[in-house]
Amino acid sequence: MSVRELVVLGTASQVPTRHRNHNGYLLRWDGEGILFDPGEGTQRQMLRAGVAAHDLNRICVTHFHGDHSLGLAGVIQRINLDKVPHPLTAHYPLSGQRFFDRLRYATAYRETVDIAEAPISADGVIADTGGYALHTARLSHPVESYGYRLVEPDGIRMLPDRLAAHGIKGPDVGRLQREGVLRGVSLDDVSEVRRGQRFAFVMDTRLCDGVYTLADGCEMLVIESTFLDEDVELAEEHGHLTAGQAARVAVDCGVRHLVLTHFSQRYTEPDEFERQAREAGFDGELTVAHDLLRVPLPKRR
Ligand SMILES: [Zn+2]
């Protein structure tokens, strides 16, 4: 069975708290595991969340601030220690190549795994597996930052009542799917488009075009809301979002499940993020993330 879920490894921003580790998120997408922004302590959070190094196929780093990347050193060494048998790919801003190099080779270890480096320097599609296309868009932060968006290609859904009306059943259904037309009945007559699912990961940024490009029409949007709305000036100054800003993006983009995370240590009351997101008009599924939470992607409509 295909599993699509977000495993939250950490939810703190610059400073961890007693209850929040630095950032870290695993997206399970069918058979693949994509690790986003591994902050310090990600290796241990993976253990606590039941995620093995073998589960990883791809690592995506938005930018080279420590809370989004210091965990690379440990995770990469663990991948090699465990001799993960499949190749991995790492994406990160090309402008931070020197940081990636240092983190990848932070200390001595035995390199056993092929990790392909696929740095980003422009918006667009950076990978296409057939199961999904991975897009990036530039964000607005004091250091170069890119968000990520996964798009599953549209498929088709056969409509049983239309098939029955045309007397098509059994092996003829497969033949129609392969050949596109059968006894004068076309595939379009008996099927509808099944829209592919979309997931976006937006972190760290002010409001900018890239935020909307990434979030557009997503089943799930994981987005930073470092600040509460009363601290919007701080958010703007440091290149971050507030809970209300993040929620309005979700409203404008038709997001079904909004996941807020990357909280400043100055706040101790997670309910306030939820309250402000609702006040901003978001009425879909809403999760104020906490460490080790698992959030399934919404079911297809
Ligand atoms: Zn951050």
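1. Basis of the note. The model is predicted, and local features need pLDDT of at least 70, side-chain atom pairs count only at pLDDT 80 or more, while totals for chains, interfaces and linings use all residues. Residues are numbered from 1 along each chain as its sequence is written, and side-chain values use heavy atoms, with hydrogens and water left out.

2. Helix 3 against helix 4. Helices (H or I, at least four residues) and strands (E, at least two) are DSSP runs, numbered from the N terminus. Helix 3, residues 72-81, packs on helix 4, residues 97-104, at an angle of about 50° and with the axes 8 Å apart, where axes are lines fitted to C-alpha atoms, for helices over the stretch in contact, and angles run from 0 to 180 degrees between N-to-C directions. That angle makes helix 3 oblique to helix 4; angles under 35 degrees count as roughly parallel, over 145 as roughly antiparallel, 65 to 115 as roughly perpendicular and the rest as oblique. Helix 3 passes helix 4 in a right-handed crossing, a crossing being right-handed if the near helix is turned clockwise from the far one by less than a right angle, and left-handed if anticlockwise.

3. Residues of that contact. L72, A73 and I76 of helix 3 meet F100, L103 and R104 of helix 4, contact meaning heavy atoms within 4.5 Å. These residues divide into 5 nonpolar, no polar and 1 charged, with Ala, Val, Leu, Ile, Met, Phe, Trp, Tyr, Cys and Pro counted as nonpolar, Asp, Glu, Lys and Arg as charged, and the others, Gly among them, as polar. The buried residues in helix 3 include L72, A73, V75, I76, I79 and N80, where buried means under 20% relative accessible area, exposed over 50% and partly exposed in between, with a 1.4 Å probe and protein chains only. An α-helix has 3.6 residues a turn, so residues three or four places apart point the same way. After helix 3 comes K83, whose phi is positive, near 50°.

4. F64. This residue sits in the loop between strand 4 (58-60) and helix 2 (66-69), and F64 is buried, with a relative accessible area of 12%. Leaving aside neighbours within four places in sequence, F64 is in contact with S69, L72, Y92, P93, G96, F99, F100, L103 and V143. Among these partners, L72, F100 and L103 also take part in the contact between helix 3 and helix 4.

5. The loop between strand 3 and helix 1. Both D37 and P38 lie in this loop, which runs between strand 3 (32-36) and helix 1 (42-49). Phi of D37 is near 45°, a positive value in a residue other than glycine, and D37 counts as buried at 0% relative accessibility. P38 is likewise buried, with a relative accessible area of 0%; neighbours within four places in sequence aside, its contacts are N23, G24, I59, V61, H68, S69, L70, G71, L72 and V75. P38 and C60 are 22 residues apart in sequence and 8.6 Å apart in space, C-alpha to C-alpha.

6. The largest nonpolar core. A nonpolar core is a set of buried Ala, Val, Leu, Ile, Met, Phe, Trp, Tyr and Cys residues joined through side-chain atoms within 4.5 Å. The largest one has 32 residues, of which V202, V211, L221, I223, L258, L260 and F273 touch the most other members. At least two residues each come from strand 14 (198-202), helix 7 (209-215), strand 15 (220-224), helix 9 (243-253), strand 16 (257-261), helix 10 (271-279) and strand 17 (285-288), and helix 9 gives the most, with 6 residues. Not counting residues up to four places away in sequence, I223 touches V202, M203, V211, L241, A246, L258, V259, L260 and T261.

7. Helix 9 against helix 10. These two helices pack at an angle of about 45°, with their axes 8 Å apart, which makes helix 9 oblique to helix 10. The crossing of helix 9 and helix 10 is right-handed, and the contact is made by A243, G244 and A247 of helix 9 and F273, Q276 and A277 of helix 10. The residues of this contact divide into 4 nonpolar, 2 polar and no charged.

8. Backbone points to check by eye. The peptide bond from M203 to D204 is cis, with omega near -25°, and D204 is found in the loop between strand 14 and helix 7. H262, in the loop between strand 16 and helix 10, has a positive phi near 65° although the residue is other than glycine, and H262 counts as buried at 1% relative accessibility.
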